[in-house]
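Q: I'd like to learn how to read a strand in the middle of a fold. Can we walk through one together?

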Amino acid sequence: MKTAIIYASKHGTTQKVANELSTLLPQHDVTMLDAGKNHKIDLTTYDQIIVGGSIHAGMIQTSLQKFIERNTTSLLQKPLGIFLCCMDEKEAMNQFEKAFPEILRHHAKCCQCVGGEFLFEKMNFLEKLMTRKIAGVNETVSKLRYENIKALAQSMT
């Protein structure tokens, strides 16, 4: 089974989740594609698709948003999994609903909020300042939900 994992990652957390998913699908021929670097992705060559992004300042990455807009029809023709990295556990489902169109959420075999990370070593000054002020966090923190990542992988087997 050919599986494409299409993601957008600002600081590397979403890419880390995509890598983890690929290791949990050993029987699949997995291709990982960064939506920010691959603007023309041919979905016809894949049997199923997993799409993931992360929330920064209340928004999913523009590159992933544009990918979804350009490819909604194609995504609806394949088995689909969707994941979102989000540190705010209380707002994760609201953020998920804002990030991914309803039609895709209803079509997907599995939708998962997989937690997230604040990676201070990868943030610029302004990002650190905002994270300290809004989240009250002063250092790198990881709250990835590996059980949700595993559940997504299992649903796609």
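Q: Let's start with strand 5: why is it called largely enclosed by the rest of the structure?

A: Keep in mind that this is a predicted model. Strand 5 covers residues 80-85, and six of its six residues are buried, so the rest of the structure largely encloses it.

Q: Which residues point which way from strand 5?

A: The general idea first: side chains in a regular strand alternate between the two faces of the sheet. Here, L80, I82 and L84 point one way, while G81, F83 and C85 point the other way. Residues of both sets are buried.

Q: And which strands pair with strand 5?

A: Strand 3 (residues 48-56) pairs with strand 5 in the parallel sense, over six bridges. In that pairing, V51 stands opposite I82. Strand 6 (residues 110-113) also pairs with strand 5 in the parallel sense, over four bridges, and there F83 stands opposite Q112.

Q: What about the nonpolar core: which residues touch the most other members?

A: As a general idea, nonpolar side chains in soluble globular proteins tend to be buried together. In this model the largest nonpolar core has 27 residues, and I6, I49, V51, L64, F67 and F100 touch the most other members. Strand 1 (2-7), strand 3, helix 2 (62-75), strand 5 and helix 3 (92-99) each supply at least two residues of this core. Helix 2 gives the largest share, four residues.

Q: Which residues is I49 in contact with, beyond its neighbours within four places in sequence?

A: Its contacts include A4, I6, L80, G81 and M156. M156 is also included in a second, separate core of 16 residues, along with Y7, L21 and V114.

Terms used
Residues are numbered from 1 along each chain as its sequence is written. This is a predicted model: local features need pLDDT of at least 70, side-chain atom pairs count only at pLDDT 80 or more; totals for chains, interfaces and linings use all residues. Side-chain values use heavy atoms; hydrogens and water are left out. Buried means under 20% relative accessible area, exposed over 50%, partly exposed in between (1.4 Å probe, protein chains only). Two strands pair if DSSP finds at least two bridges between them. A nonpolar core is a set of buried Ala, Val, Leu, Ile, Met, Phe, Trp, Tyr and Cys residues joined through side-chain atoms within 4.5 Å. Contact means heavy atoms within 4.5 Å.
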